[in-house]
Amino acid sequence: MGKFFRFLLRHPTVAVGGTLLLALILMAVFAPWIVSKDPMALSPIHRARVPSDQFLFGTDLLGRDVFARVVYGARVSLIVGFTVAFLSAVIGTIIGLTSGFVRWVDAIVMRIMDGLMSIPTILLAIALIALTRASLENVIIAITIAEVPRVVRLVRGLALSLREQPYVEAAIAAGASPVRVVFKHIFPNTIAALTVQTTYICGLAILAEASLSFIGAGVPPSIPSWGNIMAEGRALWQIKPHMIAFPAVFLSITILSINMLGDGLRDAIDPRMAKRI
Amino acid sequence: MFAYTIRRLLLTLPVMLVVAIFVYGLLDLAPGDPAVFLAGDDATLEDIARIRMTLGLDQPFYQRFAMWLGRVLQGDLGVSLFTGVSVTEMIVQRMAPTFTLMFMTLCVSVLVAIPLGALAAWRHNRAYDRGVMILAVLSFSIPTFVVGYILAWGLGIELRWLPVQGYVPYSQGIWASIRTLILPTLALGSVYIALITRITRATLLETMSQDYVRTARAKGVGNKSILFKHALKNSAIPIVTVIGSGVALLISGAVVTETVFSIPGLGRLTVDAILRKDYPIIQGVILLFSFMYVLVNLLIDLLYRVFDPRIKY
């Protein structure tokens, strides 16, 4: 425990980013205890109200409480961020390690990844969403497919350079099976870089979901997500900016906290990389 | 050089083929009958049959893919399911604002970011450097569309310097047209500027620790001269590489920025197409943008030699 706190003291960005993120996670988990109002409840009499004591963040065009929607919206963003980060890390690692060790797979897989990477994230997701019904799962699948190639590239690159290392050669000479080499000697050495990359992917996924929902190609409009709340507020934003401002602030803080965590972890894991990027 | 250019050009073919297979194959991969889905909930049997005919869904995959690819190579991207107008025509009509916006953003970002990053490297670890880095982290974290609203509210509504939303085509005056794109350019540029600033600073710092920089310093060359004459030139390659790969960000960002500023470009075309499930349009826009992205990065690959004559192909 003491070690952990010393680590946080030495890397304040990790501490600040981590604390902010933890607060947001708590907000998402305990949403029903924080707001008593139903984020989906319509109340046509209280349409488009500005923030007041009764409605902390005002109401939207259908009279729904924006504060309740913003608090519940954290759930959507964090679920998307964490799920996409986890899925793309797992899938990307499996493909990347295979590709780094099996030559004929590599040739094919890397061409496919190059192709996928030349389709900009949002457009790739739009194509997938356009052909399926709007749902949280489909948004997660679409963003995951767009993010997997990044992980594949990273893991494959690391695997290719690691397998030339003397200690790996020694393991092979000592008779270790290829599977053992991959899991015992290669994979553990990719974890550090993978963790940093996964953190960034979490932030990128949250951004992608918000952007998709904002343009109307994300989660169904009934689900309170920050992108959806802002999409609702688009029509009236010049006179009632609160519908856009509050979710925007929360969205930005969330991505900021994750980016800070990523930057801090990167610097902590590899001080040489601190200077780069 | 010529042989390399040809080889590099050939290498883009498999990439574009993967993109084509992906955007075309998605129709078949999607669950259920694509014709039924695209026709929507209140479609008649005739609508479904018409869509099936338009997309050629009654033939086997490889056959229709080959025919579709053949038409695409001739510039025929099919017809819109909604209006029946040629997709190529619709894209050409909407191209001007999007490409102007992207080109303006590219120019402004490069002109702002490289000096910003170079100065940060020069003032390494001082207040200016720290300030630039904090701004960069913030730009990475505040989504493009949020930056768009902040700018539109501040410079458009409060200060009334620039039009808040909307777009004026070239035909009504070049300046009037550009004026409507200034705020979108700044919004779209926020992330791109941060990206280029960071890579410029990082690469310069790395270059500055090289032996020849120490030699230059030892023989009495001034700091400014080292930075701009020796280091910047030798840092060009990572910087242009990031400028190239960042074009993907510009494309994704443009789609969203056009929605914020109500610009009738390719982004709006795509967004309207999603709502109407007009897949041929989405297909066409993706093909066009991916082709552009691949082409830009090819160009940058070929430019490497200009920046570093030591590179031999």
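B:I196 touches B:S109, B:V110, B:A113, B:I114, B:G117, B:I239, B:V242 and B:I243, leaving aside residues up to four places away in sequence; two residues are in contact if their C-beta atoms, placed from the backbone, lie within 7 Å. B:I196 also belongs to the largest nonpolar core, a set of 166 residues, and is listed with A:A125, A:I126, A:A127, A:I129, A:A205 and B:I282 as touching the most other members. Such a core is a set of buried Ala, Val, Leu, Ile, Met, Phe, Trp, Tyr and Cys residues joined through C-beta atoms within 7 Å. A residue is buried if 20 or more other C-beta atoms lie within 10 Å of its own, exposed if 12 or fewer, and partly exposed in between, with C-beta atoms placed from the backbone.

Residues are numbered from 1 along each chain as its sequence is written, and chains are lettered from A and ligands numbered from 1 in the order in which they are written.

The model scores ipTM 0.89 and pTM 0.91. Chain B averages a pLDDT (the predictor's confidence in each residue, from 0 to 100) of 88, and 99% of its residues score at least 70. Within chain B, confidence is highest in α5(B), at a mean of 94, and lowest in α2(B), at 76. Where pLDDT is low, the predicted coordinates should not be read in detail.

Both chains are built from helices without strands: chain B has 14 helices and zero strands, and chain A has 12 helices and zero strands. Helices (H or I, at least four residues) and strands (E, at least two) are DSSP runs, numbered from the N terminus. The C-alpha trace of chain B spans about 80 × 55 × 35 Å along its principal axes; for chain A the corresponding spans are about 75 × 50 × 30 Å. Of the 313 residues of chain B, 40% count as buried, and of the 277 residues of chain A, 47% do. Among contacts with a separation of 6 or more, residues 24 or more positions apart account for 72% in chain B and 69% in chain A.

The contact between the chains takes 45 residues from chain B and 39 residues from chain A. On the side of chain B that touches chain A, the elements giving two or more residues include α1 (2–29), α8 (174–208) and α14 (279–307) of chain B. The largest share of that side, eight residues, comes from α1(B). By class, the side of chain B has 37 nonpolar, five polar and three charged residues; here Ala, Val, Leu, Ile, Met, Phe, Trp, Tyr, Cys and Pro count as nonpolar, Asp, Glu, Lys and Arg as charged, and the others, Gly among them, as polar.

The 28 residues of α1(B) should span 40 Å at 1.5 Å a residue, and the end C-alpha atoms are 40 Å apart, which agrees; the expected span is 1.5 Å times one less than the number of residues. A bend of about 25° occurs in α1(B) at B:V23, where the bend is the angle between axes fitted to the seven residues ending there and the seven starting there. In α5(B), a kink of about 50° lies at B:M95, shortly before the proline B:P97.

Several local features complete the picture. Most residues other than glycine have a negative phi, and most peptide bonds are trans. B:R160, which is not a glycine, has a positive phi of about 55°; B:R160 sits in the loop between α7 and α8 of chain B and is exposed, with 9 other C-beta atoms within 10 Å. B:K277, also not a glycine, has a positive phi of about 55°. The place of B:K277 is the loop between α13 and α14 of chain B, and B:K277 counts as partly exposed, with 18 C-beta neighbours inside 10 Å. In chain A, helix α8 (residues 166–173) has zero of its eight residues buried, so it lies largely in the open.

Definitions and conventions. Predicted model: local features only at pLDDT ≥ 70, side-chain atom pairs only at ≥ 80, totals over all residues.
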